[in-house]
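Take a moment with the view before reading on.

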Amino acid sequence: MSAAAAPSGLFDCRDAYVRAVEELAVEDDRIVAVVNDSVGSSKLGKFRDRFPDRLVNVGIAEQNMVGVGAGLANGGKIPFVSGASCFLSARALEQIKADCAYSQANVKLCGISSGVAYGELGATHHSIEDVAWLRAIDRLTVIVPADRWETAQAIRAAAAHDGPVYVRISRMPVPELDRDHDAFRIGQAEQLRAGEDIAIIANGTLVHRALDAAQMLEAEGVSARVINMATVSPIDTAMLAQAAATGAIVTAEEGLAHGGLGGAVAEYCATHSPVPMRMLGFPGFLPTGSAAWLMDRFGLNAQGIAAAARDLLAVKAR
């Protein structure tokens, strides 16, 4: 779905991604794009037309794609390697680990249409494991932007960062978040709402849902803090310490309920600031269905987040 076709007030983060890459390419001739027969779904058609000698289409060969990206990086280029996140992360996992992370190649991996955006295409196209897999790889930065502004900022930050980065880019239209700042920094979370009773930590498409849940809880007299943890690796431990001080944490993500954001938060809390937690996400293998149906089916909406918070507050009160 394009930004033009999205409901009023909602935006496709892919548009912000390609615009940022095009702007970077104008500013820096080292910027190149590598794709896996996904020029259309990655929305890189204008980039290809504008910079025909700076886009490499390797076809449906994700392992080769990442290898080509690593080679270009070794040659001094800054490659943005784009493909559906389900295929980029799974098929090329070894190349991401060895050729990018362990070799510290300056490759920018862009997982397009992440989570359950391809819901109707079934389990083969669900990308719910990618953050868990890639967070486990040492020396690889992992970012999950929440809206179009943060997507553009993350792409620019990735380009400036010396080392491999994975940026997870949604195609599901999301609203623009209200912020009191105009800067994005890798490894630095942002508190979008203050609260003392419980902390809700989310990223990607779950951030605006977390804010809606906090508003619902406020009507019930619950003060819920909302944190956008866009960078999963390295994670903002100072912000996690502040979240743990509320005495209860709910995490919400469009991915596995274990191993990704929830796992990262739980690891920190278990070893530094133990607090009761609820980790919201998908349980594993998923049925076929629209993205909206899957999100609602597994409680990844404002109602589900609020319900988890109420349950956790009951535990905290014992």
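Cys110 has 0% relative accessibility, and because buried means under 20%, this cysteine counts as buried. Please keep in mind that the model is predicted. Cys100, also at 0% relative accessibility, counts as buried by that cut-off.

| Cys100 | none | Cys110 | 12 Å |

Now to the nonpolar cores. The largest has 37 residues, and those touching the most other members are Val116, Ile198, Phe282 and Ile305. Several elements give two or more residues to this core, including the strands β10 (198-202) and β14 (277-282) and the helices α8 (207-218) and α12 (302-317). With 7 residues, α12 gives the most. Beyond its neighbours within four places in sequence, Ile305 is in contact with Ile200, Leu206, Arg209, Ala210, Ala213, Ala252, Leu280 and Gly299. Apart from this core lies another, of 31 residues, and among them are Cys13, Phe80, Ile155 and Ala159.

Ile155 and Ala159 also lead us to helix α7, where both are among the buried residues, together with Glu150, Thr151, Ala154, Ala157 and Ala158. The helix has 13 residues (148-160), so at 1.5 Å a residue it should span 18 Å; its end C-alpha atoms are 19 Å apart, which agrees. At the start of α7, the backbone nitrogen of Trp149 has a side-chain oxygen of Asp147 within 3.4 Å.

Conventions
Residues numbered from 1 in each chain as written. Predicted model: local features only at pLDDT ≥ 70, side-chain atom pairs only at ≥ 80, totals over all residues. Heavy atoms only, no water. Helix = DSSP H or I, 4+ residues; strand = E, 2+ residues; numbered from the N terminus. Expected span 1.5 Å × (residues − 1). Buried < 20%, exposed > 50% of the residue type's maximum accessible area, 1.4 Å probe, protein only. Polar contact = N/O pair within 3.5 Å; in protein donor to acceptor, adjacent residues only side chain to side chain. Disulfide = S-S within 2.5 Å. Core = buried A, V, L, I, M, F, W, Y, C linked by side-chain atoms within 4.5 Å. Contact = heavy atoms within 4.5 Å.
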